[in-house]
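This report is meant for a reader meeting the structure for the first time.

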Amino acid sequence: MDDFTRPWWDAAAGGRLLIRRCGACGRAHHYPREFCPYCWSEDVTWERAGGRATLYTWSVVHRNDLPPFGARTPYTAAVVDLAEGPRMMTEIVGCAEADLRIGMELEVAFREEGGGVVAPVFRPAPAQAQPQPQPQTQE
């Protein structure tokens, strides 16, 4: 965490996910940078992301000796495609390994890491309600 990324961390602490968008080429990117990785413009601003993503890939970590990760093994490290376009490394929570599927719909959640740090993680998105068929009327 530094002065440049502080808005991202502050937003996460408030339950919001931010990305960066280039004013020159219009493309969104993540991880936060002071320039656009596509056209190199410095005309980039923070933008609130919608919090939806799809699962691109994952790996279940069974051993990690670095704090705080060792205390939560096994966990699912993942790469997700945000609805706005960028890919993001994260963790999948609330889903058994056997239920993970490439392309599954996810939504952002936020986890307190201690020391006031809040990190975005992703969980399966609730199934969208299917429209109910309307009863047919006889005339």
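## Strand E1 and its partners

Within this predicted model, Arg21 has Thr45 of strand E3 as its bridge partner, and this bridge belongs to a pairing in which E1 and E3 (residues 44–48) run in the antiparallel sense over five bridges. Arg21 also stands opposite Ala28 in strand E2, where E1 and E2 (residues 28–29) pair in the antiparallel sense over two bridges.

The hairpin formed by E1 and E2 has five residues between the strands, and in that hairpin Gly26 takes a positive phi near 85 degrees. Strand E1 itself, which spans residues 18–22, is mostly covered, with four of its five residues buried.

## The largest pocket

The largest pocket holds about 450 Å³ of space, and helix H1 (6–13) as well as the strands E5 (75–82), E6 (87–92), E7 and E8 (117–124) each give two or more residues to its lining. Of the 20 residues that line the largest pocket, Met89, Thr90, Glu91, Ala119 and Pro120 lie nearest its centre.

By residue type, the lining of the largest pocket divides into 13 nonpolar, three polar and four charged residues.

## Glu107 in strand E7

Glu107 is found in strand E7, which covers residues 105–114. Because its relative accessible area is 19%, Glu107 counts as buried, the cut-off for that term being under 20%.

Leaving aside neighbours within four places in sequence, Glu107 is in contact with Gly51 and Arg52, and also with Val121, Phe122, Arg123, Pro124, Ala125 and Pro126.

Conventions. Residues are numbered from 1 along each chain as its sequence is written. This is a predicted model: local features need pLDDT of at least 70, side-chain atom pairs count only at pLDDT 80 or more; totals for chains, interfaces and linings use all residues. Side-chain values use heavy atoms; hydrogens and water are left out. Buried means under 20% relative accessible area, exposed over 50%, partly exposed in between (1.4 Å probe, protein chains only). Contact means heavy atoms within 4.5 Å. Two strands pair if DSSP finds at least two bridges between them. On a 1 Å grid over the protein atoms alone, a cavity is a set of points where a 1.4 Å probe fits but cannot get out, and a pocket is an open set with protein on both sides within 12 Å along at least five of seven lines; lining residues have an atom within 4 Å of a point. Grid points are joined across faces, edges and corners, and a volume is the space filled by probe spheres set on the points. Ala, Val, Leu, Ile, Met, Phe, Trp, Tyr, Cys and Pro count as nonpolar, Asp, Glu, Lys and Arg as charged, and the others, Gly among them, as polar.
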